[in-house]
Amino acid sequence: MNTVNNSRRNFIKNSATLALGTTLPISLVELAFADSSENFTFAYISDSHIQQIKGTQFVRNWDRGLIRAVAETNLLTPKPDFVIFGGDLAQLGSKAELDHGAEMLSALSGKVHHVMGEHDYYLDLGEYWEKLFGPQYYSFDHKGVHFIVLNSIRTYDDWTFKRWPTNEQRMLEMAGLDNPNGSPFMVGEEQRKWLKGDLAKVAKATPVVVFSHSPLQKIYKGWNFWTEDADEIQALLRPFKQVSVIYGHVHQIQYNQIGNISFNSVMATAWPWPYPQAYAQAEQYLPKLTVPMNRADPFFERDATGWQFINLANGRVDLNYTLYNNTSRAVRFNQAKKHPEDVAYRSDGERTPPQKHY
Ligand SMILES: [Fe+2]
Ligand SMILES: [Fe+2]
């Protein structure tokens, strides 16, 4: 474990150097094993939402978030074994946006694995994305860990194929965070069947890490922080000893534990989503906001974007969030309690987040 801690310190030292005047909207994931020679890391970049204004003009802020992540990923020490891009590379799924995003990502050294986001998908149902990045769902093994990538943002066929007069309108309806015309995300029968077959070949003691875009748990349906067939996916993952699900889409820190499965989100490079009102932790005294803001603090372009250093020790993930304009946070797996917890709130065993209990 000393090796892990040392490499973590090196990483943080290097990151701290990089952090001068920057945001680091990336994640570095470290997998730690009893034999430290087997340890490895990977980086995680997500939710860049590259948005075309017209022609070769794109929203500058979102471009900058991705360019910065790519540059800093290339400078990481230790060098990550691979990079995951967690979905929502584009805003409205157009070739121009995907091409521009792919061009920025092409500066990454090393292998990049891609996860499909709804903003990438609902214009042409992933056709062009597949040409650029490969299959929408797949698995791979790396140094003793089984990694699975799922497209978790599909939905009912009626909604996808019958409801909208144009593909552009379909894309716009799914792009809204709280649009009642949207439809719940799902992995779907085809992928569940594939997943069952894929997992049948994996030993139950092998650590399994699943990447999805939406949470494979039901958090808040109104904003599609939700996957309709999450229960079925969880059932397929239940026989495995150590399972971690890492997802984007929510643009905020979330963590949860359901049985053997740890859930952790990563931050976006583009903007933070506010916490849904369903998370309300106290009586509200502010006037109701009727115009959604796209940043937590508009004075800080990179507010609430950031990166995570994720340590997967004993098959469980620990996430260290380093946020440029915000206080650093750590969400670690508590081996005694068998669930992740926010160290800032819970390390003394007494302070608890000001959450409302239902
Ligand atoms: Fe997103
Ligand atoms: Fe998304």
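These legends describe close-up views of a predicted model.

Residues are numbered from 1 along each chain as its sequence is written, while chains are lettered from A and ligands numbered from 1 in the order in which they are written. In this predicted model, local features need pLDDT of at least 70 and side-chain atom pairs count only at pLDDT 80 or more, whereas totals for chains, interfaces and linings use all residues.

**View 1. Confidence along the chain.** The mean pLDDT (the predictor's confidence in each residue, from 0 to 100) of the chain is 81, and 72% of its residues reach 70 or more. Where pLDDT is low, the predicted coordinates should not be read in detail.

**View 2. Helices α2 and α3.** Helix α2 (residues 60–74) packs with helix α3 (residues 95–105) at an angle of about 25°, their axes lying 9 Å apart; helices here are DSSP runs of H or I with at least four residues, and strands are runs of E with at least two, numbered from the N terminus. Axes are lines fitted to C-alpha atoms, for helices over the stretch in contact, and angles run from 0 to 180 degrees between N-to-C directions. L66, I67 and V70 in α2 meet G101, M104 and L105 in α3.

**View 3. Strands β8 and β9.** Strand β8 (residues 145–149) pairs with strand β9 (residues 208–212) in the parallel sense over 4 bridges, pairing being counted where DSSP finds at least two bridges between two strands. The bridge partner of F147 in β9 is V209.

Key
Contact = placed C-beta atoms within 7 Å.
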